[in-house]
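Please look through the sequence and the 3D structure shown here before reading the report.

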Amino acid sequence: MDATGSHRANREYYDAFSENYEAERGHNSVKGYHDMLDELESEFVERYGAGKDVLEVGCGTGLVLERISRFAGSARGIDLSPGMLARARERGLDVSEASATELPFGDNSFDVSCSFKVLAHIPAISTALGEMARVTRPGGIVIAEFYNPNSIRGLIKRYGPAGRIASHAKESDVYTRFDSPKTVEHMAPPGTRLVDSRGVRIVTPSAGFMRLRPLGRLLRRAEGLLADSRLKRFGGFYIAAFRKN
């Protein structure tokens, strides 16, 4: 396993991660840290995808895609990891194995394409964004999430110890890039323009703080209130919405 960002390396990493990926996610951590992230991300998709055809690029085990399926007209997902996809299929979701840099769909197939916690691990990020724009219909929205260096999370991830994601793998075993909101403004895929954004994990120091009651409830409320405020530029996860011309 290495951090080159190649298809093979990323597949190996996420196949290893899939073994324990939901240990603190989904029904194992209702109202916890990851539940909060999934909620804020899927809420943003609903803003543009209610009743529409939505594609999630890098759907993992389907935690966000499952939420999307509740409000979308149709919801499909792709992922590079068979291990992750096996769990998404257990949820009854419409998913397939594919690469973000070569989407197996025709031009103008979806109203909304979205990707969370995936693009930061793709060296050819412009290619992935271009593919998302290609399969999105004119007037539709490309929703892309970036890892923000100008955030508490960004500082911890760049300078703190790498967390362990499996018995034989840690976070430093995967390629990871950070792009500031200022940089993201210039990363719009061809034929699109930036129209909206949201910040996620602005004031939460770490996932562990969400387990402390009532602090966890206060942090969750604060994150919801600040997600679309001017402080969104300091979110550990910065979500940009690009409209296709």
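## Basis of the report

This is a predicted model, in which local features need pLDDT of at least 70 and side-chain atom pairs count only at pLDDT 80 or more, while totals for chains, interfaces and linings use all residues. Residues are numbered from 1 along each chain as its sequence is written, and side-chain values use heavy atoms, with hydrogens and water left out.

## The sheet

Helices (H or I, at least four residues) and strands (E, at least two) are DSSP runs, numbered from the N terminus. Two strands pair if DSSP finds at least two bridges between them. Seven strands make an open sheet with mixed pairing, in the order S3-S2-S1-S4-S5-S9-S8. At the edges are strand S3 (94-97) and strand S8 (192-200), each of which pairs on one side only. From one strand to the next, the twist averages 20°.

Strand S2 (residues 74-79) runs parallel to S3 and is joined to S3 by four bridges. Asp79 has Glu97 in S3 as its bridge partner. Helix H4 (residues 82-90) packs on the sheet and touches S2 and S3; contact means heavy atoms within 4.5 Å. The direction of H4 makes about 165° with that of S3. Axes are lines fitted to C-alpha atoms, for helices over the stretch in contact, and angles run from 0 to 180 degrees between N-to-C directions.

## Accessibility

Buried means under 20% relative accessible area, exposed means over 50%, and partly exposed lies in between (1.4 Å probe, protein chains only). Ser6, in the segment before helix H1 (7-18), counts as partly exposed because its relative accessibility is 28%. The C-alpha atoms of Ser6 and Glu102 are separated by 13 Å, and the two residues are 96 residues apart along the chain. Leu215 belongs to helix H8 (residues 215-226) and is partly exposed because its relative accessibility is 32%.

## Backbone angles

Most residues other than glycine have a negative phi, and most peptide bonds are trans. Lys117, in the loop between strand S4 (110-115) and helix H5 (125-134), has a positive phi near 55°.

The loop between S8 and H8 holds Arg201, and Pro214 lies in the loop between S8 and H8 as well. Arg201 has a positive phi near 65° and counts as buried because its relative accessibility is 6%. Pro214 is joined to Arg213 by a cis peptide bond, with omega about 5°.
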